[in-house]
Amino acid sequence: MLQIHLSGTPEYQPDENLAFLPRDFNGWTPQMTDQQVYTSARGWWRLSRARAERERYAVVEAEGKCRMVIEITRWETHPGSGRHAFEGKILPPGHQIHDR
């Protein structure tokens, strides 16, 4: 399981040229919607492609609490940095992986 820690105020980091993960922020605030948390958590992460491909779930934590669990369905590599981002399905409370 990939452990993701979101912290601080979302930072403006435009990367709209990347169709896989177009976003203009990363980080965390309590006012964020589930979609914003998902977008912030998706990438770009420094890990090997082999390790990325082994990860099936991402646990997203902020302020010491689990905020979201995502089932990873696909990985992409950033063309400039070699970092990786994923897409997936948000698992709801009650799902066996979410509630571990």
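The following legends describe close-up views of a predicted model.

**View 1. Overall arrangement of the secondary structure.** The protein contains two helices and five strands. Along the sequence, these elements follow the pattern β-α-β-α-β-β-β. Of its 100 residues, 40% count as buried. The accessible surface amounts to about 6000 Å², and carbon and sulfur atoms contribute 47% of that area. Among contacts with a separation of 6 or more, 44% are made by residues 24 or more positions apart.

View 2. Five strands make up an open sheet, arranged in the order E1-E3-E4-E5-E2, with mixed pairing. Strand E1 (2-5) and strand E2 form the edges, each pairing on one side only. From one strand to the next, the twist averages 45°. Strands of a sheet pair through backbone hydrogen bonds, in either a parallel or an antiparallel sense.

**View 3. Helix H1 against the sheet.** Helix H1, which spans residues 34-41, packs on the sheet. The helix touches E1, E2, E3, E4 and E5. The direction of H1 makes about 150° with that of E5.

**View 4. Pairing of strands E3 and E4.** Strand E3 comprises residues 57-62 and pairs with E4 in the antiparallel sense. Six bridges connect E3 and E4.

**View 5. The hairpin of strands E4 and E5.** Strand E4 (residues 65-77) runs antiparallel to E5, and eight bridges join the two. Val69 has Leu91 in E5 as its bridge partner. Six residues lie between the strands of this hairpin. Within the hairpin, Gly82 adopts a positive phi near 80°.

**View 6. Strand E2 alongside strand E5.** Strand E2 covers residues 43-45 and strand E5 covers residues 84-91. The two strands run antiparallel and are joined by two bridges. Trp45 is positioned opposite His84, a residue of E5. In the sheet order E1-E3-E4-E5-E2, E2 is one of the edge strands, and E5 is also joined to E4, through eight bridges.

Technical notes. Residues are numbered from 1 along each chain as its sequence is written. This is a predicted model: local features need pLDDT of at least 70, side-chain atom pairs count only at pLDDT 80 or more; totals for chains, interfaces and linings use all residues. Side-chain values use heavy atoms; hydrogens and water are left out. Two strands pair if DSSP finds at least two bridges between them. Helices (H or I, at least four residues) and strands (E, at least two) are DSSP runs, numbered from the N terminus. Axes are lines fitted to C-alpha atoms, for helices over the stretch in contact, and angles run from 0 to 180 degrees between N-to-C directions. Contact means heavy atoms within 4.5 Å. Buried means under 20% relative accessible area, exposed over 50%, partly exposed in between (1.4 Å probe, protein chains only). Accessible areas come from the Shrake-Rupley method with a 1.4 Å probe; for residues, only the protein chains shown count as cover.
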